[in-house]
Amino acid sequence: MKHLIDIKSLTNDEILEITELAHYYEEHVPKGTQKKKKAGSTALLFFENSTRTRFSFEMASKKLGFSAFNFDAQKSSILKGEGFFDTLNNLNAIGCDIAIIRHSKEGFIEELSKKEYDWGLSLVNAGEGQSSHPTQALLDFYTLQKHLKTVEGKKITIVGDIIHSRVAKSNIELLTRFGAHVVCCSPSYFEDWTLTNAKYEPVLKDALNDADAVMGLRIQKERIETRVPYAQYIEDYQIKESNLPKKAILMHPGPVNRDVEIEGALLDSNRGKIITEQARNGVFVRMAVLDLIYEGTKR
Ligand code: CP
């Protein structure tokens with residue numbers, strides 16, 4: 001693995017290798033018994049807001065022994081007109097091993113990875129537009145495996161703003177490859193008909209019925225130009241203690257808009273705890289991704 005572009009670019013064996021290594025890190029990091037520290041470096045280039053992904057990549061880098069550098073676009077020479085590719089070329093020359101990139105332009109990381117340039121820099125997609133967020137899907141898969149043992153044959157319901165969600169798209173790609181039955185539930189204005197691997201069920205009660213896992217999604221205000229009828233949305237689509245099946249685990253990639261997509265009291269209950277566990281699992285999964293890329297490409 002030289003880059004992590006999207007879920008499509010990973011084989012099932014590579015996905016399982018990542019989750020197995022993440023499990024190793026989850027077992028060993030708290031005890032301080034992990035493998036020898038690495039001498040590489042990561043650059044975190046976030047052009048969209050982030051809390052979980054940026055911090056967990058930085059934490060993962062540091063736990064592996066990497067130096068992690070945050071790139072501040074507002075103080076960088078991009079504002080003086082330097083292009084993104086030239087920026088990466090210079091970060092490579094300065095000695096960065098892995099560039100972790102969040103960007104609004106879809107297909108951007110793949111486009112950069114195809115540039116014919118003799119550099120050792122690896123690229124990792126940390127969330128790209130509305131199209132892909134591979135490390136979120138990997139950590140969600142890891143979390144699901146921990147709680148459900150396997151996703152094969154399991155009903156996983158994703159509720160909310162599907163069309164603007166890169167998390168939904170990467171999760172549908174990954175989970176259906178491992179035999180999960182993914183059901184998407186949203187009002188018609190958040191529906192994405194291109195997601196043919198998932199079943200669409202517009203009525204929340206039916207979508208939640210017999211679900212093994214339920215993933216809420218945030219309404220992505222920053223990507224929506226028209227007015228969202230929030231009160232009606234909450235009435236029809238909010239996940240609550242009263243409608244969440246007893247056997248289902250509750251997940252959400254974050255950030256959560258409390259009392260919109262999930263009732264606040266449910267978030268604060270024991271059933272809401274897996275959402276913060278997802279954030280914690282993100283550190284181990286991202287350690288695994290960075291480790292496999294670094295070891296695979298070390299010059
Ligand atoms: N889930 C997720 O990508 O969260 P952040 O935007 O806070 O990184």
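**Close-up views of the ligand and the aromatic pairs**

View 1. The ligand takes up the space of the largest pocket. Keep in mind that this is a predicted model. Which residues are around the ligand? They are Asn-49, Ser-50, Thr-51, Arg-52, Thr-53, Arg-102, His-133, Gln-136, Pro-253 and Gly-254.

View 2. Start with the side chain of Arg-102: one of its N or O atoms is 2.9 Å from an oxygen atom of the ligand. Over at Gln-136, it's again the side chain, with an N or O atom 3.1 Å from a ligand nitrogen. Gly-254 brings in its backbone, where an N or O atom lies 3.1 Å from a nitrogen atom of the ligand. On its own, the ligand has 250 Å² of accessible area, and the protein covers 93% of that.

**View 3. Tyr-24 and Tyr-25, an edge-to-face pair.** The structure holds eleven aromatic pairs, and here we zoom in on Tyr-24 with Tyr-25. Why is this pair edge-to-face? The ring planes stand at 75 degrees, with the centres 5.2 Å apart, and planes over 60 degrees apart count as edge-to-face.

**View 4. Phe-84 and Phe-108, a tilted pair.** Here's another aromatic pair, this time made by Phe-84 and Phe-108. Their ring centres are 5.0 Å apart, and the angle between the planes is 50 degrees, a tilted arrangement.

How values were computed:
Residues numbered from 1 in each chain as written. Predicted model: local features only at pLDDT ≥ 70, side-chain atom pairs only at ≥ 80, totals over all residues. Heavy atoms only, no water. Near = heavy atom within 4 Å. Polar contact = N/O pair within 3.5 Å; in protein donor to acceptor, adjacent residues only side chain to side chain. Areas by Shrake-Rupley, 256 points an atom, 1.4 Å probe, with all protein chains shown as cover. 1 Å grid on protein atoms, 1.4 Å probe; cavity = no way out; pocket = protein on both sides within 12 Å on 5 of 7 lines; lining within 4 Å. Sits in = over half its atoms within 2 Å of the grid points. Phe/Tyr/Trp six-rings, centres within 6.5 Å; stacked < 30°, edge-to-face > 60°.
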